[in-house]
Structures are given as C-alpha cells and as structure tokens.
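This report describes a single protein chain from its overall dimensions down to selected residues. The sequence and model are shown first.

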Amino acid sequence: MKINVKDFKVLEGQDVQLKKFSTSIKPFYKSKDQYQEVLWQHIEELKKMQNILYADDRYALLLIFQAMDAAGKDGAIKHVMSGVNPQGCQVFSFKHPSPEELDHDFLWRTTRDLPQRGKIGIFNRSYYEEVLIVRVHPQILQGEQIPKSLLSPKTIWEERYRSIKDLEKHLYCNGTRIIKFYLHLSKEEQRRRFLRRIDDPSKNWKISPADIEERKYWKDYMKAYEACLSATSTTNSPWYIVPADDKDNAHLIISQVVVDTLKSLKMSYPPMDVKHQKELLQMRKMLKGN
C-alpha cells in the first residue's frame with residue numbers, strides 16, 4: 001500500500017484541530033512479516049541516502065519528535081534509524097533544563113546540538129517544549145529569569161513562535177532541512193500503555209507518579225499542541241501529524257517521510273575531475289605493483 005506523506009502534513013497557515021485527526025488509521029501492512037519487509041526497504045533506502053548526504057556535504061537533516069508520554073518517540077527513533085551509520089547521526093533528549101541553560105535564551109541549549117552538514121540530528125523533545133509544557137504549566141517561566149515586563153500572556157507565546165520560525169528559516173537558508181513529527185496518541189491508548197508499564201517489571205522504570213499527574217492536563221496539552229502546530233508548520237519546515245496508536249504503522253509513515261525528504265534534495269556523490277581521475281589511476285598502478 002502506497003504511503004502518501006502529504007496526508008499527514010500540516011500545511012502552512014492551517015488551523016489544526018486535533019479532534020479531526022485520527023490517532024489510528026488502516027495499517028499500511030497486512031501482516032507482521034509485511035511490516036518488517038516494508039520497514040527494511042525504507043531502512044535500506046535511508047542507509048543509501050545517508051551515505052550520499054555525507055558525501056554531498058551540503059545539507060544537514062534535523063528530525064524533531066514531540067508527543068505525549070508513551071506515544072512511542074523512543075521506539076520510532078530506534079526502529080526507523082536502526083540502519084544508519086551512528087557516526088553520521090546523533091540523538092539528543094531534552095528534559096528539565098539545567099541552571100546554566102535557564103540563564104540563557106530558550107533556544108540556546110538546543111542550538112548547541114544542531115547537526116553539521118552531511119549529518120542527521122534527532123531531537124527527542126526540543127525547543128518546542130517551551131511552547132508546550134511551559135504553556136500548560138506557565139509557572140515554569142518564573143524559573144527562566146525573564147524580566148517580568150516580557151512575560152505578558154498576551155504576547156509571549158506568539159513571540160516564541162516567531163523566534164522558532166525565524167530560527168528554522170535561518171537554518172533552512174543555510175542547508176539544514178527540518179522535519180517535525182507529532183505522534184498523535186489517544187488518551188485511552190496512553191492509559192493502556194501505562195498499565196503495561198506498571199504490569200511489566202522490565203518497564204516499571206519507564207513510569208512515575210508524575211506521568212499519571214500530567215494526564216489531568218490532557219485537554220490543556222491538546223490546545224497547546226493545536227496552537228503550536230498551527231503557528232509553526234511552514235512549507236520548508238513542516239509538521240507531520242502521525243497516528244500513533246499503532247506503533248508499527250507510525251514507524252512506516254515516519255520512515256517514508258524521512259526517505260522522501262532526503263530524495264527531494266537531489267544530492268549526488270561529488271564528481272571526479274580529470275586531475276583526480278589521473279591520481280586514482282596512478283594509485284591503482286602503485287597498488288598492483290605492491
């Protein structure tokens with residue numbers, strides 16, 4: 001079954017209402033074996049494109065994953081990126097900021113970890129936390145050492161959206177392509193996954209009372225995500241809303257988006273000039289003689 005990634009893309013200026021986006025759709029596979037086969041094909045293509053990305057050395061790729069707890073961010077990264085060369089890929093997880101990070105602007109700690117040309121960077125959570133969890137819990141702003149005159153609830157979120165869009169536009173103009181995934185999980189599926197974490201001793205470490213407490217703010221998070229997705233999805237740095245109740249299906253959608261994006265860059269291995277071709281021939285002769 002063909003995966004049309006445009007079905008999941010948030011268009012620039014689109015008013016996102018998450019209730020209109022399903023958390024579960026018809027699978028793009030008919031069996032577990034077929035799922036593994038399609039994912040393997042995507043991984044092989046991704047592996048090939050990563051080599052060209054590195055050799056071409058003009059672009060960088062940044063993947064951003066945002067979601068509610070238990071939506072499958074870690075699993076998506078693990079499965080989709082399982083075939084890439086770890087030397088050309090780095091994963092960063094951003095949790096509670098340190099005192100040093102709080103003494104800088106909200107974009108500082110993530111910009112330090114942006115991928116260089118020829119490489120893939122992955123943000124498991126990102127600067128978008130500053131317009132998501134901080135919006136749901138605005139008291140967090142008090143610890144960010146921002147002057148009170150700049151903390152107006154009427155303007156601060158729009159200002160942060162603008163800062164994010166300006167950063168992403170700057171990165172795009174310098175060769176970094178950004179893909180942003182929102183893993184759209186239902187509240188009921190999150191409940192089931194939390195129960196499995198409680199019942200499975202090997203997963204007990206993955207859940208805490210704070211996770212259960214945050215469920216009380218589900219509606220607030222949905223509103224924050226809707227505002228964020230609507231304000232920050234652009235033609236050059238789009239958001240994709242990925243149905244996440246079926247983890248395998250989500251992996252196929254995400255991997256297809258990554259492969260399609262890399263292919264759209266029209267990259268190639270650097271051409272060899274006459275001088276280098278002569279050097280290669282000379283090296284071949286030397287090696288044959290030894």
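## Basis of the model

The model is predicted, so that local features require pLDDT of at least 70 and side-chain atom pairs count only at pLDDT 80 or more, while totals for chains, interfaces and linings use all residues. Residues are numbered from 1 along each chain as its sequence is written, and side-chain values use heavy atoms, with hydrogens and water left out.

## Overall architecture

The protein chain contains 11 helices and six strands; helices (H or I, at least four residues) and strands (E, at least two) are DSSP runs numbered from the N terminus. Along the principal axes, the C-alpha atoms occupy a box of roughly 75 × 50 × 40 Å.

Of the 290 residues in the protein chain, 47% are buried. Buried denotes under 20% relative accessible area, exposed over 50%, and partly exposed the range in between, with a 1.4 Å probe and protein chains only. Where contacts (heavy atoms within 4.5 Å) link residues at least 6 apart in sequence, 82% of them join residues at least 24 apart.

## Surface and charge

The accessible surface of the protein chain amounts to about 16,300 Å², and carbon and sulfur atoms account for 52% of that area. Accessible areas come from the Shrake-Rupley method with a 1.4 Å probe; for residues, only the protein chains shown count as cover.

The chain carries 48 positive and 38 negative charges, whose mean positions lie 4 Å apart. Lys and Arg count as positive and Asp and Glu as negative, whereas His and the chain ends are not counted. Each charge is placed at NZ of Lys, CZ of Arg, CG of Asp or CD of Glu.

## The cavity

One cavity of 30 Å³ or more is present in the structure, and the largest cavity has a volume of about 30 Å³. A cavity is a set of points, on a 1 Å grid over the protein atoms alone, where a 1.4 Å probe fits but cannot get out; lining residues have an atom within 4 Å of a point. Grid points are joined across faces, edges and corners, and the volume is the space filled by probe spheres set on the points.

The lining of the largest cavity consists of A71, G72, G75, A76, L183, K247, A250 and H251. Both α2 (73-80) and α10 (247-263) supply at least two lining residues each, with α10 giving the largest share, three residues.

## Non-glycine residues with positive phi

A70 is located in the loop between β2 (60-67) and α2. Although A70 is not a glycine, its phi is positive, near 75 degrees. A70 is buried, at 8% relative accessibility.

K266 belongs to the loop between α10 and α11 (274-289). K266 also is a residue other than glycine with a positive phi, about 55 degrees. K266 is exposed, with a relative accessible area of 68%.

## Two further loop residues

H104 is found in the loop between α3 (99-102) and α4 (108-111) and is partly exposed, at 33% relative accessible area. From H104 to E144, 40 residues away in sequence, the C-alpha to C-alpha distance is 8.2 Å.

Y128 sits in the loop between β4 (120-124) and α5 (133-136). With a relative accessible area of 0%, Y128 counts as buried. Leaving aside residues up to four places away in sequence, Y128 touches I64, Q66, I164, E168, K180, C228, T232 and W239.

Key. 1 Å grid on protein atoms, 1.4 Å probe; cavity = no way out; pocket = protein on both sides within 12 Å on 5 of 7 lines; lining within 4 Å.
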